[in-house]
Each structure stands twice: as C-alpha cells, then as structure tokens.
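Trainee: Could you take me slowly through one part of this model, the place where the two protein chains meet?

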There are 2 protein chains.
Amino acid sequence: MAILGFLRDFPLHGYDLKNRVASLAGHVRPVADGTLYPTIKKLEDAQCLTRRTAPGSVAAPRHMLEITQTGTDQLRRWLRDPEPGFITDDNKWYVLLAFLHHLENPREQALVLTRRREFLDQPAQLFFDANGTPIPPEQLDSPFRKGLMQIHRSTNLTEIEWLDRQVADLNRKAGYAVRQRSGG
Amino acid sequence: MAILGFLRDFPLHGYDLKNRVASLAGHVRPVADGTLYPTIKKLEDAQCLTRRTAPGSVAAPRHMLEITQTGTDQLRRWLRDPEPGFITDDNKWYVLLAFLHHLENPREQALVLTRRREFLDQPAQLFFDANGTPIPPEQLDSPFRKGLMQIHRSTNLTEIEWLDRQVADLNRKAGYAVRQRSGG
DNA sequence: TCAATATACATCGATCCCGAGGTTTAAAAA
DNA sequence: TTTTTAAACCTCGGGATCGATGTATATTGA
C-alpha cells in the first residue's frame, strides 16, 4: 500500500521509495531490500506499476516507477475497504492514514475514519488476574503496566477528538457536494 | 516474550495464554493458533517452561504451563537487552513495557526506559517532496497527513513526560537501594 | 436425542519478511 | 591511479506467522 501510495504522488525509483517508506514507518522499522524489491516486482507483474530505466543522478542507473490506472484502482480498493489489521494495528493504521487522501470521495474517507473511531471506542481491558477478571489500572502493581494503560487512554482520547473533528468536516463536505450536484 | 512474561505471574494453559496475549496486543491483533502452539513447544524444548496435563474445567483437558528458572533467565535477558525493534516499534514496545517489572533491578529498568526516551527524542520527518526536502506539517495538503503528524507529536510528548517521571523515580529508588546497602 | 457451541490442543502448507550477500556505476579520496 | 564510498538494484535461504483443517470433550438448547 505504501509503495502505490507514494507513487500516486509522483514517480519514484526503488531506492527513494525505500527511504520514504522507512521514514513514514520511521518509528516502526525500515523496510528491508529483500521485502521491497520483490514487492515492486509483484506489483509490476500485476500491472499496478510500470518501470523505465533512467540514468542514475549520481551513480548506477535507476528504475523509475510509475503507478498505472490498475495500480490506482488497487490502491483505492485497499483504502476503501481495508483489512481489519489496518484498523486495529496502530502501525498499519498510520500507513493507511498517510494515503487516505487518495480516496477522493469524502464520504468514503469518513467511513474509514468511522471504522477506526468505533474500534477506539471499545474499552481496553489489557490485564486480568488468575481468575480472568480484568484488573483496573489503579489496582495494577507494576508502574509500567499502569503507565501503559494511562498512555493508551490518553493517546486514544487525542485520536478520538481528532477523528470526530475530521468526520464532521468530511460530512459537511459530502453534504455540500450533494447540495451542489442537486443544484441546492 | 509475552508467553514467558505472563507465565511469570502465574501458571496458565495455552488457551488462556492465547486470550491474554490477544487482549494485551488487543489493539494490534490476536495471535494465531499456528503461531502460539509451536512457540510453546519451542519454549518447552528450550526448557523455558514445563507442562503438566490437568482436567479441563469445562471441556477438553488442558496443559498447564509453568515457567522454569531457565525461562525466567531468558525473559530477563530479553527485557534487559531488547532488540532494536522492541524500542522503535510501538506495538512491540508496549509488550515489553507490560513485562518490564519482571526485570527487578530499577537501574536496569531505567536503562531500558532511557533507550526508548532517546528514540522518541529524534525529530520525526515523515513526508518529503519530490526533491527529498522534508515537508513541515502545516504545509501538507492532506488533512490526514496533518493529523497523523499532530497525533504523533502529541502522543510522543505524553509518553516522554511519563518516561521522564519514571526514570527519575527509578533513579531515586536505585540511589536509595545503594545507600541502604552501604549502610547510609 | 441430536446438533450446535465453546473449550482446548495440534499440524501443515503457503506466504511474508528479513538479512546477508552480491553486482554495477560514478564520484570522491588516498 | 587505485581504493573507498555511496547510490541503486537484486536474489536466495531461512525463520516467523497465518489460516485452514482436524481432533476431542463437555455444556447448552432445540
């Protein structure tokens, strides 16, 4: 998703792509060569991108990659109907968010944000005693577990507030677009 | 790490472990059977845990798992000197944090928190233009990328504050322990 | 009585991903 | 001039993980 998402902005070569993905997921981990290049090849085989060789600006020749219509469609499908992991895994979610603007319909964007919003609404029960009863944060012995739950709650609230503002914005935009189309 | 970490609290059977790991990493993804059971077997082969069959409370018999001294040592090694991914990947970091109290030396705990603190100090450059120049958040076109960077900054600050408080606490504790031992 | 459900464990093939190694090219440094 | 460094790409082996599938057992409910 990140490959097609970045290529949607402008054509890039593999090495550049690698650095951008690593920076985006920077606080996660860089992507390995052994992951990136086979994935590029797979996307090429699937006609999601085209490749043309260009002289390297400083060294070896590079393969400039360009997204195709098929690739754009694929990207939009991934964004419009993301797999569960992209909603529930913070790392994946942030990657999705970085390219959500490529889904051009504000109503569709709002739908994705709403899925995340609903997920964040679920109360987080992280730790349980020997009987399986959830332990509330203030009863935890470990200060690290306490902090973990505090941080989790606080960052969730921050994101929820942002999500609500965005969804409201997008709905206004979608409503406005409808009124425009229907001549209102 | 999560398996041994949970078993360090009290003995558990595989099914229970599965649910606890899924809840801990709840906002990430549940662990698959095909991952959990082979891992348990590997840990058993490595003498990190022992297994004894007990009648199932409601259904099929269960294998109660208990951590061994070898397992405890292994867990502590992982916690004391975590692989880079455990510092830089939020998901992994939170798992580590959930078990850091099993590293009983406050000085060692503080060292791990400091590694995370140093990592969070690095300024996050997430997006670049076609030339490779970093784009500041206020110049981003996509509201989603803007929000991404805002949320990232805000949650980082929250965690940094907490880390600083903890490290200060732990250092006081460590200092106190030294004074105790030296009869001061 | 029979099916459905939840508990509890296990295996297997496919796939994902990493990391190590290796190649080519051009610029910079020695 | 030779070596080193950095850009740029690629492959291969192996380990981690998933998802599908299968087994056994006890409870619930139709």
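Mentor: Let us begin with a term: a salt bridge is a side-chain nitrogen of Lys or Arg within 4 Å of a carboxyl oxygen of Asp or Glu. By that rule, two salt bridges are found across the interface of chain A and chain B, and one of them joins A:R145 to B:D9, whose closest N and O atoms are 3.2 Å apart. Before going on, please keep in mind that this is a predicted model, in which local features need pLDDT of at least 70, side-chain atom pairs count only at pLDDT 80 or more, and totals for chains, interfaces and linings use all residues. Residues are numbered from 1 along each chain as its sequence is written, chains are lettered from A and ligands numbered from 1 in the order in which they are written, and side-chain values use heavy atoms, with hydrogens and water left out.

The interface also holds eight residue pairs in polar contact, both residues at pLDDT 80 or more; here a polar contact is a pair of N or O atoms within 3.5 Å, one able to donate a hydrogen and the other to accept it, and residues adjacent in sequence count only if both atoms are side-chain atoms. On the side of chain A that touches chain B, the elements giving two or more residues are α2, α6 (90-99), α7 (106-121) and α8 (143-181) of chain A, where helices are DSSP runs (H or I, at least four residues) numbered from the N terminus. Of these, α8(A) gives the most, with 16 residues. In total, 45 residues of chain A are in contact, with heavy atoms within 4.5 Å, with 45 residues of chain B.
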